[in-house]
Amino acid sequence: MNEELSLICARIRIDHHPGCAVALIPDDVLPAIGQACLVAADFGPVYGTVAALPKTEAPRATHTFVRLADEADAATARENRRLAEEALERLRLSVCKEEVPVKLISATFSHSRDRLIVFVGAAEAVDLRRHTGPVQRAYNTRISIRLVGLREEAARIGGIGVCGRPTCCSAWMRSFPAVNVKMARIQDLPTSPQALNGACTRLKCCLSHENAFYRAQTPLFPEIGAEWIAPDGSPAKVVDRNLIARTIRLGLANHRFITVPLPERKEQP
């Protein structure tokens, strides 16, 4: 009897795909980080690169592994990228002539080049058939238009967040969580749009990433403005708190400030 084949969970970077796709690869394939492969998307096989092989991630596949890629596949992928940009520019020129209210974000060919997926942003559905027809004939392909929202648009374009790292949506996220201003209040963040909005002009997704931690830790800390007793016994007031470092900042009567560790209990000693 043959032994059951083991599967390795791999996160795969695909052109114009927000975050990383997840595929299960047979362990006898011996995948490595940086290795190119083909995975099946809903519009056909696409070329990608193994970005990570997480040991603890639950095996929830978003794409099906097809095979490892070779040099011919890499050459095809480079040509597909070039032709997709060329086709996208032709579409842009066409819609600009008629001032169609639509934003063409990106385009990607299937590996076999029989499908061209064009991602667009628009306030409402727009009929682009008269513009896509000439491009379809020029590239002997079929074009599918996909309308995306502001958050997915930012994910497909990519960028750098205020933290100095690539935006989460373009680097690793596969879906967009619900985010609200209450999460910012729990984390003691200013609630101005300039501080909370990301590149998509919507609330930053990272508010939800840390929400569970802050909800669990906040009850262990005194409220901002609470009366406290400094280590020397003098009266003080809590002016700030750092839940990660587990410290509180105290304002003293002599207008000085000190930072002290959080006691075992949040009540004043």
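This is a predicted model: local features need pLDDT of at least 70, side-chain atom pairs count only at pLDDT 80 or more; totals for chains, interfaces and linings use all residues.

Biologist: OK, back to Glu86. Which side chain does Glu86 meet in a salt bridge?

Modeller: Arg82, at 3.3 Å from N to O. A salt bridge here is a side-chain nitrogen of Lys or Arg within 4 Å of a carboxyl oxygen of Asp or Glu.

Biologist: Where do Arg82 and Glu86 lie?

Modeller: Both are in helix 1, 4 residues apart, which is about one turn of the helix. Helices (H or I, at least four residues) and strands (E, at least two) are DSSP runs, numbered from the N terminus.

Biologist: And what about Glu79 and Arg82?

Modeller: Their side chains meet in a salt bridge too, at 2.7 Å from N to O. Glu79 and Arg82 are separated by about one helical turn, because they sit 3 residues apart in helix 1 (residues 71–97). Glu79 is partly exposed because its relative accessible area is 28%, and Arg82 is partly exposed because its value is 42%.

Biologist: How many salt bridges are there by that rule?

Modeller: The count comes to 10. One of them joins the side chains of Glu98 and Arg130, at 3.3 Å from N to O. Glu98 lies in the loop between helix 1 and strand 6 (103–109) and Arg130 in helix 2 (residues 129–139), so this pair ties together parts that are 32 residues apart in sequence.

Biologist: Switching to cysteines. How many disulfides does the structure hold?

Modeller: It holds 0 disulfides, where a disulfide is a pair of cysteine sulfur atoms within 2.5 Å.

Biologist: Is Cys9 buried or exposed? And Cys96?

Modeller: Cys9 counts as buried because its relative accessibility is 8%. Cys96 is exposed, with a relative accessible area of 58%.

Biologist: Now strands. How covered is strand 3?

Modeller: Mostly: 5 of the 6 residues in strand 3 (residues 36–41) are buried.

Biologist: Which strands does strand 3 pair with?

Modeller: Strand 4 (residues 44–52) pairs with strand 3 in the antiparallel sense over 6 bridges, and strand 5 (residues 64–68) pairs with strand 3 in the antiparallel sense over 4 bridges. Two strands pair if DSSP finds at least two bridges between them.

Biologist: What joins strand 3 to strand 4?

Modeller: A hairpin, through 2 residues. Ala41 stands opposite Gly44 in strand 4, and on the strand 5 side, Cys37 has Leu68 as its bridge partner.

Biologist: Last topic, pockets. How much space lies in the largest pocket?

Modeller: About 640 Å³. On a 1 Å grid over the protein atoms alone, a pocket is an open set of points where a 1.4 Å probe fits, with protein on both sides within 12 Å along at least five of seven lines, and lining residues have an atom within 4 Å of a point. Grid points are joined across faces, edges and corners, and the volume is the space filled by probe spheres set on the points.

Biologist: Which residues are nearest the centre of the largest pocket?

Modeller: Of its 29 lining residues, Gly161, Thr167, Cys168, Lys204 and Cys206 lie nearest the centre. Helix 4 gives the largest share of that lining, 3 residues.

Biologist: And the second largest pocket, how much space is there?

Modeller: About 340 Å³. It is lined by 22 residues, with His17, Pro18, Phe119, Arg146 and Arg156 the closest to its centre.

Definitions and conventions. Residues are numbered from 1 along each chain as its sequence is written. Side-chain values use heavy atoms; hydrogens and water are left out. Buried means under 20% relative accessible area, exposed over 50%, partly exposed in between (1.4 Å probe, protein chains only).
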